[in-house]
Amino acid sequence: MITTVSDFIETGNIMIIPLFQNTLKAPNNTTTGLSRSASITVKSAISSDSFEGKEGEIMSIWTKECQIILLGMGGSHKLNTKKSRDIGAKCFSNLPDNLGKKIVVRFTTGWNTGNMASFAEGIILRNYKFDKYQEKIVDEKQDKEWSMVCQTTKRNRENLDLEIERLSAIATGVHLARDLGNEPANRLYPEEFGRRAKDWAKGKKNVEVEVWDFSRLKEEGMHGLIEVGKGSIHKPCMVFFRLNPNLDTEKQVPCIVGKGITFDSGGISIKGSAGMDEMKLDMHGSATVFGLFQALYATGYQGRVNGITCMAENMPSAEAYRPGDVIETYSGKTIEVLNTDAEGRNVLADGLWKASELNPSYIIDLATLTGSIVVALGHEATGLFANNDLLSERIKMVGDEVDEICWPMPLLPAFEKQMTSSKIADVRNQGKGRWGGAIQAAGFLKQFVQERKDNNGEKNQIPWAHLDIAGTAGIWGGESNSTVGHGATGILVRTLHLLITKE
Ligand code: BES
Ligand code: MN
Ligand code: ZN
């Protein structure tokens, strides 16, 4: 979406006028450019009792110039970036698309840059459809793409313009993550993900993508990834993302690891059929990593960052791994497989150990890991587990700031103990019962984060956080995240972008 910032001149095809509660009289600039009669109608509508300005309230007025939407924002002192983003997104999702696609948003009085930018961001994020597999009826008379002009007074314009430019660049990463998440599993399998990552890196000077294919994984001994993926005709791979790879190579930098199961059938421990189609989204951790790198690149981030995605398809077949198998992972630790459907942790075991080898400042993994986190938090929040309080607090804080809630969950030692109590291997991939399943999984992952000596010569684990996005990666039914209508959400691209760039 092309978005510009300007003075109150144009009227566009659809003019959105967001107004605060208790606006008794049309603010300055409200009707600039409208005909006398339209202007009188709009002004009297604003003054009337019919429009109160309650949060999300909409009054639509037809004029010769454009369709006008009076949009309630609630009390002006109660407005914050979250509300503003939400109201903008919801308003956009209800716009008719046959009136022309040029939107004008008039920010009259009572607006600050943050709230204006968030309003625009909501619209930009919501302007997304995954319709590449649908036949399109082209209407020659219609604009293809939406565009938006944000109008405000002179003193705000420069700042708003810069901020919208930044948010638009981040949104390209969110939309990329959604594209990858929505792509069906017959179109996007591990090697195809690797190919797209390589394609993306082409021609970009400060990014590097490396793909370790099946034979390389064997050479390296990455059997966590190999065992999960070997039952599929689409073989597994590991993808490395590097931003500014040659910069400050001595400095410790973040490493973000993503679970990339392009389809999770459960394998031999096969899932039931209901909702199994949603398991094409089981690679959203890897989609977020890819989208994050796009967002960092597009905003011109100057630091070095590493990403690793563990790509595999979990299928049942004569060549698939089985319950009872013992896997020797890249770390040297062995896993007793009790359930082939607990596959995400097996692939992440190799990803986390590899991440540790890069001597990172911290490791964050993203994974649609457990149904159990959905039971705990529904679709409202991502489960946040960490071995480091400072890292956990920082993630929670930036998540709140961009309204992607990360809710702290405990790494309870009792569950960790369950995972290390295999009778025949170092760890087992399933706990001793259903209870606390998300914590069990986190306790398993923790076994694959390396320790290192800190400045005092003490051995400590590398700071690490695990984000279980099983409930927040996709929207399928009635529930809604205002910035997404259906399917993959692109969750945590914005949070991690802020976390990394804020340092
Ligand atoms: N990919 C699933 C988790 C999932 C569930 C993601 C719902 C998105 C929505 C994961 O691989 C899985 O199957 N987990 C099992 C683990 C169990 C077998 C220990 C689960 O949560 O049931
Ligand atoms: Mn599974
Ligand atoms: Zn899975």
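Q: In which sense do strand β2 and strand β5 pair, and over how many bridges?

A: Strand β2 (residues 14-19) and strand β5 (residues 102-106) pair in the parallel sense over 3 bridges. Pairing requires at least two bridges found by DSSP, so the term applies here. One bridge joins M15 to V104 of β5. Strands are DSSP E runs of at least two residues and helices are H or I runs of at least four, numbered from the N terminus. This is a predicted model, in which local features need pLDDT of at least 70 and side-chain atom pairs count only at pLDDT 80 or more, while totals for chains, interfaces and linings use all residues. Residues are numbered from 1 along each chain as its sequence is written, and chains are lettered from A and ligands numbered from 1 in the order in which they are written.

Q: Why do β1 and β3 stand at the edges?

A: The open sheet has 6 strands in the order β1-β6-β5-β2-β4-β3, with mixed pairing. β1 (2-6) and β3 (58-62) each have a single partner strand, so one side of each is left without a neighbour in the sheet.

Q: How many residues of domain 1 are in contact with domain 2?

A: Contact means C-beta atoms, placed from the backbone, within 7 Å; 12 residues of domain 1 are in contact with 11 residues of domain 2. On the domain 1 side, α2 (81-93) and α3 (113-126) are the elements that give two or more residues, and α2 provides the largest share, 6 residues.

Key
Two residues are in contact if their C-beta atoms, placed from the backbone, lie within 7 Å.
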